[in-house]
Amino acid sequence: MPHKDWIYPAYRIIASCVFQEHGIPTDMGYAVAPHHSGVYPVHSQLYEAWKSVWGIKVTSTEEYPHLRPARYRRGFIHNGIQVLPRQTCGLFTHTIFYKDYPGGPQELDKSIRGGELFLTVLLNPVSIFMTHLSNYGNDRLGLYTFESLVRFVQCWTHLRLQTLPPVRLAHKYFQIFPDERDPLWQNPCHDKRHKDIWSKEKTCDRLPKFLVIGPQKTGTTALHSFLSLHPAISSSYPSPITFEEVQFFSGPNYQRGIDWYMDFFPVPSNVSTDFLFEKSANYFDTETTPKRAAALLPRAKIISILINPADRAYSWYQHQRAHQDPVALNHTFDEVVSAAPSSPASLLSLHRRCLQPGAYSSHLERWLHHYQPSQLLIVDGVQLRSGPAQVMDAIQKFLGVTPYFNYTQALTFDESKGFWCQKLEAGRSRCLGKSKGRKYPDMSLESRAFLSEYYREQNVELLRMLKRLGQPLPVWLRDELHNASWS
C-alpha cells in the first residue's frame, strides 16, 4: 500500500499523461467538488489538498450564500482559493432527452427564450454553468440549450458575451465585485441542503449560544470569570495569542473559517441545557462584527456591559500606560482625548481607541440592526462591580439557563483587592490577576468636563434607546445626565 502522500501525485501524473495524449488541457487551475460538498460550507482539508496537490486557484459553488434564488449567489475567497458563484441551467442526470424534459420541451424552451435561464445571464455579469456529460451525449441536450441561449441573447439584447479561462475569469469577477472577497459564514445547520452536504464529522453544537461583546475596560473579564462558575455554562478555550478571547468576528481570524472557530469550543455534554459562550470585548465597536455574528449565530443572545464612557476612556489610557505604550507614556490623558486631526498617526490611533468605543448608542444600533431587542441585554458595569450576585441572577434569567446558580454563596468581597472574587474553602478566595483592580490617579476635572460634553449627545440617545427597549437605566447614566443638566 503506497504512503498516502504519494497517492494524489501519482494519480495526477497518470491522468496528465492520458489527457495530454488526447490534447485535453490539465493545468486550468480550476476544480469542482463532488456532490457540491466541501466548498461551502467550507471543508478546510479540501482547500488544503487542492492547493498543495493540484495547485488549484479557482473553484465554484451554487451554495453560497444560499441555493435560491440563483441570481443572488455570490463569490468569496478562502485560503487563497477564489470561489465563484455557479448558476443552475436546469439540466440534470435525468434530463437527457428533449422530448422527455420535465414539464415537456416547452418548459426548457420557455426558460431559454426569456425565462429563468435567460434572466440568469441577463442579470449576472458573470455566469458559470456546469452540467453532466450525459447532457452532451444521448440527445446532446446541453449543446442545444446553450447554443439556443446564446442565439436568443444575441438576438434580443445588446449584451456582448465573452468567455475566459477559469483563473482569468476569477480575476475579472473580483475586479467587478471587490466587496465580495470576504466571505460571510452562515450556520450550515439552519439550511437543510447545507447540512446534508456538510461533513458528518462536524456539528453545530459546538457553536456558542451567547456572546459577551464588550466594550473593552468595562468589566468583561470579571463577567467572564463569574459566568464560568456556573455548572451549565462553558466558555471557549483560551487563545494562545489573545488569552480568553477568540476575536473571531472582529479581525483576520474570521478568514480562517468556521472550522477554526468551532475548535475553540468543547462538545457540550447536553445540547439542550449546556450553554457555550465566548467573550471578545472588541466585538462591541468593530463595524463588521454584528453582521458576521448574526450570519453564523442568528439565534445567539448578546450581552454588553456599559460604564460611564469617560471612565472607560480613562481606563483604556491607563491600560495602555501599564503595557508600556510609548504614546500613552509620553502624553497626558488630556492631550490624548483632545488631540487635533493634524496630530501624529500614533496619537490619533490612541485617541480613537480611547473615545470611539464610548459612542454606545451608535454601536448598539448597529447590533440591533442584526439582532432582535429581546436578544440583547445591557449590563450596568457599576452594579456588576458593586453587587455582582444580583446582576448574575438577571443574566441567568435572560439566558434561560438551568439549574439556578447561587452567586451569593459563590462570591466574596476581597478587601485587599477591592472587588468580588470566587469564594473557596476555609475562607480563601480566588481573584482575577494582578492587572485587575489596578490603582491610578483620578481623572482631571478638565478631562471629565471635556468628555462629559463630548459624550452628551450619545448618552441622551442611549437613554432614549434603553427606554424604547424597556431595559433599566444604568446608575451611571442617570447620574451623568443629571449632572449635565445642572452644568
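1. In this note a residue is called buried when its relative accessible area is under 20%, exposed when that area is over 50%, and partly exposed in between, with a 1.4 Å probe and protein chains only. By that rule Thr-95, at 1% relative accessibility, counts as buried. Thr-95 is found in the loop between β3 (81–85) and α3 (105–112), where helices (H or I, at least four residues) and strands (E, at least two) are DSSP runs numbered from the N terminus. The side chain of Thr-95 reaches the backbone nitrogen of Phe-92 at 2.5 Å. If its neighbours within four places in sequence are left aside, Thr-95 is in contact (heavy atoms within 4.5 Å) with Gly-90, Tyr-101, Pro-102, Asn-135 and Leu-141.

2. A word on the basis of these values: the model is predicted, so that local features need pLDDT of at least 70 and side-chain atom pairs count only at pLDDT 80 or more, while totals for chains, interfaces and linings use all residues. Residues are numbered from 1 along each chain as its sequence is written, and side-chain values use heavy atoms, with hydrogens and water left out.

3. As for the chain as a whole, there are 21 helices and 11 strands, and the C-alpha atoms fill a box of roughly 85 × 55 × 45 Å, taken along the principal axes. Of the 487 residues in the chain, 47% are buried. Among contacts with a separation of 6 or more, 71% are between residues 24 or more positions apart. The accessible surface, computed by the Shrake-Rupley method with a 1.4 Å probe, comes to about 26000 Å², and 55% of it belongs to carbon and sulfur atoms.

4. Helix α8 (residues 220–228) deserves a separate point, since seven of its nine residues are buried and the helix is therefore largely enclosed by the rest of the structure. The buried residues in α8 are Thr-220, Thr-221, Ala-222, Leu-223, His-224, Phe-226 and Leu-227.

5. Turning to aromatic rings, those of Phe, Tyr and Trp (its six-membered ring) pair if their centres lie within 6.5 Å, and planes under 30 degrees apart count as stacked, over 60 as edge-to-face and the rest as tilted. A search of the whole structure finds 34 aromatic pairs. One of them is formed by Tyr-173 and Phe-174, which are edge-to-face, at 5.2 Å centre to centre and with 85° between the planes. Tyr-173 is buried, at a relative accessible area of 3%, and Phe-174 is buried too, at 5%.

6. A stacked pair is formed by Phe-248 and Tyr-261, with 4.3 Å centre to centre and 15° between the planes. This pair links distant parts of the chain, for Phe-248 is in the loop between β5 (233–235) and α9 (258–262), whereas Tyr-261 is in helix α9, 13 residues apart. Both Phe-248 and Tyr-261 are buried. They also belong to one aromatic cluster, whose members include Tyr-40, Trp-185, Phe-249, Tyr-254 and Trp-260.

7. Two charged side chains can be examined together with rings, a charge being said to sit over a ring if NZ of Lys or CZ of Arg is within 6 Å of the ring centre and within 35 degrees of the ring normal. The charged end of Arg-292 sits over the ring of Tyr-254, 4.1 Å from its centre, and that of Lys-301 sits over the ring of Phe-398, 4.9 Å from its centre.

8. For salt bridges, the rule asks for a side-chain nitrogen of Lys or Arg within 4 Å of a carboxyl oxygen of Asp or Glu, and by this rule the count comes to 15. In one of these, the side chains of Arg-193 and Glu-63 meet at 2.4 Å, N to O. The pair links distant parts of the chain, with Arg-193 in helix α7 (residues 192–197) and Glu-63 in the loop between β1 (58–61) and β2 (76–78), 130 residues apart. Arg-193 is partly exposed, with a relative accessible area of 28%, whereas Glu-63 is buried, with 0%.

9. Because Lys-192 and Asp-196 are four residues apart in helix α7, about one helical turn separates them. Lys-192 counts as exposed at 64% relative accessibility, and Asp-196 is partly exposed at 46%.

10. Lys-279 forms a salt bridge with Glu-245, with 2.9 Å between the closest N and O atoms. Lys-279 lies in strand β6 (residues 275–279) and Glu-245 in the loop between β5 and α9, so the pair ties together parts that are 34 residues apart in sequence. Lys-279 is buried at 2% relative accessibility, and Glu-245 is buried at 9%.

Notes
Polar contact = N/O pair within 3.5 Å; in protein donor to acceptor, adjacent residues only side chain to side chain.
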